[in-house]
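Please read it alongside the sequence and the coordinates.

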Amino acid sequence: MTEQTETAGTSGAASAETASFTETVLATKGLTIAFGGHKAVQDVDLEVKEKSFTSIIGPNGAGKTTLFNLLSGQLKPSFGSIYFKGQDVTRMAPYERTRLGMGRSFQITNVFPNLSVLENVRLAVQSRAGVRYNFFSSLHRYRKLEEEALGLLELVRLGGKAGALAVQLAHGEKRKLEIAMLLALRAELLLLDEPTAGISVEEVPQILEVIRALKQEGSRTIILIEHKMEMVLDLSDSIAVLFNGSLLASGPPADIMNNETVQAAYLGGLYDDAAAVGIG
Ligand SMILES: Nc1ncnc2c1ncn2[C@@H]1O[C@H](COP(=O)(O)OP(=O)(O)OP(=O)(O)O)[C@@H](O)[C@H]1O
């Protein structure tokens, strides 16, 4: 059922407006998970190029979040494998994947509500540095950690809130803080699961701006689950369409829009956001 349209970089001759990506950073082979008799993710072969921006779309219940749970290690597959930078991570625990550079925002559980925004990010930087290096004791090194934390807060447009308590942040600002803490862990692969879900309409453009800034900075691979199609089309180098747990198609946005299998699914009334996508 899977129809692979040409993905950016796989041809070696990407179009003028599409960046060229060569290295595969994440791959799944035959990834499947069944809950009882129901296959929520079925035989998914996904290939994500290093430093590319991929969106995963599909109707409610298509298996998008389940796929993320498999990628981040919250769930173990019934069949299939996951490779990160060529290494088989299928059986690794979530924290091991995080250490390798796979980052998912909700894994950030250590937001201290009564510490400042800056202190939260500084602690995340420190915990990463503490894992990889020796304990930081000197004031000079402490200031380095704080500088890094401040830089990350600027990147997520939270520099002006550095001194605020985390508990005082608006919902959208909390999302930005989570992203900053994820960046503090030096995640090379960011798994962003509907970052605009549940935030106010006014805050959506700010989250979009942060995600666009991360993309433009260009040092990370980003996979986004998102229902807001204008955002998906604006940001994505590649789109993967999930349908009933299967990968229906993947490729550059223009190819996905023109893909007959995707169109048939949309025109069949099986996809709620058809109008937003502009198909049909
Ligand atoms: N732990 C679980 N046990 C049983 N069924 C599950 C479990 N997790 C997910 N499912 C089922 O797997 C299917 C895929 O769910 P999933 O949440 O991954 O979809 P989704 O594409 O993320 O949907 P949405 O866009 O609504 O978030 C659904 O039918 C869901 O009910």
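The notes below go from the domains to the core and then to individual helices.

The structure is a predicted model, in which local features need pLDDT of at least 70 and side-chain atom pairs count only at pLDDT 80 or more, while totals for chains, interfaces and linings use all residues. Residues are numbered from 1 along each chain as its sequence is written. Helices (H or I, at least four residues) and strands (E, at least two) are DSSP runs, numbered from the N terminus.

**Domains**
- The domain assignment of the chain gives domain 1 (1–11 + 21–43 + 50–101 + 189–280) and domain 2 (108–187); such bounds come from an automatic or database domain assignment.
- Between the two, 16 residues from domain 1 and 14 residues from domain 2 make the contact, where contact means C-beta atoms, placed from the backbone, within 7 Å.
- On the side of domain 1 that touches domain 2, α2 (94–100), β8 (189–193) and α6 each supply at least two residues, and α6 gives the largest share, five residues.

**Nonpolar core**
- The largest nonpolar core has 66 residues, and V121, L153, A180, A184, V241 and L242 have the most contacts inside it.
- Helix α5 (residues 171–184) contributes the largest share of this core, seven residues, and at least three residues come from each of domain 1 and domain 2.
- Such a core is a set of buried Ala, Val, Leu, Ile, Met, Phe, Trp, Tyr and Cys residues joined through C-beta atoms within 7 Å; a residue is buried if 20 or more other C-beta atoms lie within 10 Å of its own, with C-beta atoms placed from the backbone.
- Not counting residues up to four places away in sequence, L153 touches V117, L118, V121, L158, G159, A162 and A180.

**Packing of α5**
- The axes of α5 and helix α6 (residues 204–217) come within 9 Å and cross at roughly 15°; axes are lines fitted to C-alpha atoms over the stretch in contact, and angles run from 0 to 180 degrees between N-to-C directions.
- The two helices α5 and α6 are therefore roughly parallel (angles under 35 degrees).
- G172, R175, K176 and I179 of α5 meet Q206, I207 and V210 of α6.
- A149, L152, L153 and L155 of α4 contact A180, L183 and A184 of α5.

**Helix α1**
- Eight of the nine residues of helix α1 (residues 64–72) are buried: K64, T66, L67, F68, N69, L70, L71 and S72.
- G73 follows α1 and has a positive phi, near 95°.

Note on methods: Buried ≥ 20, exposed ≤ 12 C-beta atoms within 10 Å, placed from the backbone. Parallel < 35°, antiparallel > 145°, perpendicular 65-115°, else oblique.
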